[in-house]
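Subject: Model for your review

Hello,

Here is the structure I said I would pass on. Please look through it before reading my notes below.

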Amino acid sequence: MNADTAIAAQEDNGRGIRDLMGLLALPALWLGKDGRTVLRLMAQAVERLVPLRFSMVEAHILAGDAADAFIRIDGADADPDAVVHWRAASAHWPKTANIAANIAANNGEPTPTPIGPLRVIRLELGVSMLGGGAWFGSDAPDFPTFTQLAVLRAAASLAATGLQGARLEHERAEGDRLKDQFLAMLGHELRNPLAPIRAGAALWQAQGVTPDQIRSTGAIMERQVQHMTHLVDDLLDVSRLSAGAVVLDTIPLDLREVVELAVEQSRAQIDGKRHTLLLDLPEGACTVLGDCKRLVQIVVNLLANAVRYTPPGGRLTLSIRATPTTVGIAVEDTGIGIEQAMLGKIFEWFTQVERSTERSDAGLGLGLALARRLAALHGGTLHAASRGLGHGSEFEVVLPRAQVAPDAAPALPKEAAPAASPSLKVMVVDDNQDAGITIGMLLEALGHTARVVHHPYAALELAASFQPDVFLLDIGLPGIDGYELARRLRALPGLDPFRMIALTGFGQSRDQRNAFDAGFDFHCTKPVDIAVLDGIFSGIAGQKALLS
Amino acid sequence: MNRLSLAGTELNYFHVCAFFDSRDEEYAVLSPFFKEAVDQGEKNLHIVNPEHSADHRQRLGQAGIDVPHCESCGQLEVLEWQQAYLDETGSFSKDKMLAAVDHLTGAGRDAGFERVRIMGDMGWVFNDIPGAADILEYEAEVNDVLARNRQPAVCVYDIAKLSGAMMMDLLRTHPLTLVGGVVQENPFYTPPREMLEELRARKQA
């Protein structure tokens with residue numbers, strides 16, 4: 001190396017470091033910009049530092065999106081239509097930053113490009129090829145020099161970080177937007193049932209209300225409370241599934257019986273919209289290992305979705321498809337269908353809601369997301385298919401087939417007919433006066449004798465004189481909680497044998513365990529289904545009759 | 001000599017390229033620079049977008065500057081683009097502007113003011129102004145004028161309007177940068193002669 005060459009090399013290095021320092025200011029331009037703009041700014045910036053004829057950047061701007069591409073030629077944006085042409089041309093270019101390898105791959109010649117033969121290199125955006133990449137081409141005979149390659153690598157690395165930042169910002173903003181939308185929908189869905197409940201309550205207080213009116217509004221209110229209970233259950237399931245807190249009670253099940261139960265639960269909704277339901281079930285048992293309640297929930301959710309998104313008078317088909325290793329339950333409808341772009345999103349918690357807001361009877365739209373996660377808990381899958389808007393949809397949950405002889409699957413328990421309920425003495429403890437009084441009135445109406453108190457110490461004081469057969473205790477109480485009250489009642493001398501029921505808003509499995517550990521015999525989640533409560537009382541009354 | 005600081009940094013050079021994301025950020029960073037001038041009996045010469053003249057004065061007032069008093073005693077002079085960068089035809093003339101800056105910071109500097117601090121809102125560059133293409137040559141050449149007269153000037157650019165290439169060029173023409181509220185000596189700064197050579201080569205290409 002002669003002196004002139006050495007000086008030139010030194011100057012080149014100096015310029016290289018200077019250019020790299022300049023690039024470090026580039027991210028200041030990216031604040032608040034989307035990923036596409038970040039990449040474009042990078043491509044523009046390097047044109048000032050490296051003698052480029054073209055750059056072509058390909059990247060997935062948002063996770064899950066198809067790769068986007070743009071081209072700059074001679075310092076200007078190329079026509080977007082040129083992308084197809086350039087992509088085809090670049091399909092066989094070696095994806096390397098090693099110019100020697102690139103030229104060797106082309107028999108010692110520069111790479112043919114749509115604007116002529118050029119020295120072309122490729123740099124990945126980030127640490128893997130998954131993030132996308134950038135092609136840079138130049139007609140400079142020494143491209144890329146060591147310095148130019150360093151500048152281009154730095155620019156690509158900075159842009160990859162900027163792209164990632166833009167993605168995260170987009171996801172954060174999108175999450176915020178969907179959360180707000182969800183909360184608005186939640187408010188709407190919770191308010192809707194309140195209107196008939198409030199109207200019913202007002203009617204009952206009106207002069208001249210007839211027994212028929214009381215009965216019919218009572219039924220309406222019961223339905224609305226049922227609806228609200230389902231909403232709250234869905235929300236709690238979201239929380240439990242997200243926390244991995246759902247535990248399956250797995251037994252061998254014949255899916256035909258699961259389907260029967262689900263249809264039974266969905267019948268009112270299906271008939272309400274005058275849909276026809278066709279069942280296509282095999283003759284033999286289709287056994288899976290699963291949690292009956294959760295599998296029924298999956299099918300009910302799929303049916304509810306089909307009912308909701310099918311105009312009145314539509315046709316729903318529920319079929320079981322068995323293979324030697326799997327069993328599938330498919331729900332087809334003749335409804336509004338699903339756009340291709342939405343198919344991948346409808347199982348996300350909040351994206352569902354976006355679809356649902358278009359309809360007045362949409363619900364929270366959590367059903368499909370819950371169903372998919374419950375299916376996954378069973379080792380299964382749930383997929384959707386649709387030929388597009390107006391062409392209906394099909395949802396199929398596929399579960400592993402159990403290696404159990406079909407006849408080994410126990411028959412699902414059928415609801416026993418309620419026995420006649422002898423009168424019981426019940427002490428109700430609830431600090432919510434309205435809740436305590438109404439449950440007391442209900443128990444009286446069912447033929448029991450109820451004593452309602454609103455403080456745990458009052459219960460301890462009055463227990464011996466009242467001698468209850470049953471304590472019905474709230475858990476969130478002032479002074480001591482329901483668990484502690486249960487323990488103290490169990491230890492209280494002078495009481496005849498009694499049973500204890502926890503009636504609480506805390507419905508997680510650990511809450512149940514806590515209740516049983518504290519001495520409760522039953523655990524019911526508010527608002528309790530009256531039939532369930534009546535069933536428990538009938539059982540207790542039956543045992544009491546046997547003992548006496 | 002009085003203190004000369006910007007965003008908490010003592011200035012050893014006189015030509016600053018300031019990038020801002022919003023007007024709120026701009027005034028949060030620059031107002032102390034203006035106030036320091038007032039407190040030290042120096043002059044502020046501001047060249048602003050005519051649409052923002054009233055807002056500019058209001059923000060200076062909010063920063064604790066007595067705008068009417070400073071304007072009446074000459075300590076604050078607010079010019080609009082047409083009174084400085086642009087001529088009566090709405091065009092930018094690099095040479096006329098260089099001469100004006102030389103006059104304002106040199107021989108023509110108002111008596112009684114030890115220093116004049118220039119702030120120029122450069123938004124007009126993006127308005128399709130005749131002559132605006134010469135902005136980079138102006139930014140390169142004005143370095144010598146400001147260094148010779150030892151008077152500071154802050155060129156304010158809105159980040160949202162910049163292309164990547166424009167940002168690279170602007171960085172190369174300013175020895176100091178103000179990005180994200182931080183003043184830094186600019187290692188990317190390219191000596192005016194070298195920069196002008198490159199700009200001429202680009203024009204010929």
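The notes below cover the numbering, the sheets, the helix packing, the cores, the chain contact and some backbone details.

This is a predicted model: local features need pLDDT of at least 70, side-chain atom pairs count only at pLDDT 80 or more, and totals for chains, interfaces and linings use all residues. Residues are numbered from 1 along each chain as its sequence is written, while chains are lettered from A and ligands numbered from 1 in the order in which they are written.

Chain A overall

Chain A has 16 helices and 18 strands; helices (H or I, at least four residues) and strands (E, at least two) are DSSP runs, numbered from the N terminus. Of the 548 residues in chain A, 33% are buried. A residue is buried if 20 or more other C-beta atoms lie within 10 Å of its own, exposed if 12 or fewer, and partly exposed in between, with C-beta atoms placed from the backbone. Among contacts in chain A between residues at least 6 apart in sequence, 67% join residues at least 24 apart. Two residues are in contact if their C-beta atoms, placed from the backbone, lie within 7 Å.

The mixed sheet

One open sheet in chain A has five strands in the order β8-β10-β11-β13-β12, with mixed pairing (two strands pair if DSSP finds at least two bridges between them). Its edge strands are β8 (276–280) and β12 (381–385) of chain A, each of which pairs on one side only. Neighbouring strands of this sheet are turned by 15° against each other on average, direction ignored. Axes here are lines fitted to C-alpha atoms, for helices over the stretch in contact, and angles run from 0 to 180 degrees between N-to-C directions.

Within this sheet, β11 (residues 326–333) and β13 (residues 393–400) of chain A are antiparallel and share eight bridges. A:V331 has A:F395 in β13(A) as its bridge partner. Helix α8 (residues 292–308) of chain A packs on the sheet and touches β10 (315–322), β11 and β13 of chain A, its direction making about 20° with that of β11(A). Helix α11 (residues 367–377) of chain A also packs on the sheet, touching β12 and β13 of chain A, at about 140° to the direction of β12(A).

The two helices α8(A) and α11(A) pack at an angle of about 145°, with their axes 9 Å apart. Among the residues that meet are A:I298 and A:L302 in α8(A), and A:L370 and A:L374 in α11(A).

The parallel sheet

A further open sheet of five strands in chain A runs in the order β15-β14-β16-β17-β18, with parallel pairing. Because β15 (449–453) and β18 (522–525) of chain A stand at the edges with a single partner strand each, one side of each is left without a neighbour in the sheet. Neighbouring strands are turned by 20° against each other on average, direction ignored.

Strands β14 (residues 425–429) and β16 (residues 470–473) of chain A pair in the parallel sense over four bridges, and A:M427 has A:F471 in β16(A) as its bridge partner. Helix α13 (residues 456–466) of chain A lies across β14 and β15 of chain A, at about 170° to β14(A). Helix α16 (residues 530–547) of chain A lies across β16, β17 (499–504) and β18 of chain A, at about 165° to β18(A).

Cores

The largest nonpolar core has 101 residues, and A:M42, A:V46, A:A155, A:A159, B:A18 and B:M167 have the most contacts inside it. Such a core is a set of buried Ala, Val, Leu, Ile, Met, Phe, Trp, Tyr and Cys residues joined through C-beta atoms within 7 Å. Helix α5 (residues 146–205) of chain A supplies the largest share of this core, ten residues. A second, separate core of 42 residues includes A:L295, A:V299, A:L364 and A:F395.

Chain contact

The contact takes 17 residues from chain B and 16 residues from chain A. On the side of chain B that touches chain A, α6 (164–172) and β8 (176–179) of chain B give two or more residues, and α6(B) gives the most, with seven residues.

Backbone details

The peptide bond from A:F143 to A:P144 is cis, with omega near -10°; A:P144 is in the loop between β6 (132–138) and α5 of chain A. Another cis peptide bond joins A:K526 and A:P527, with omega about -10°.

Regards
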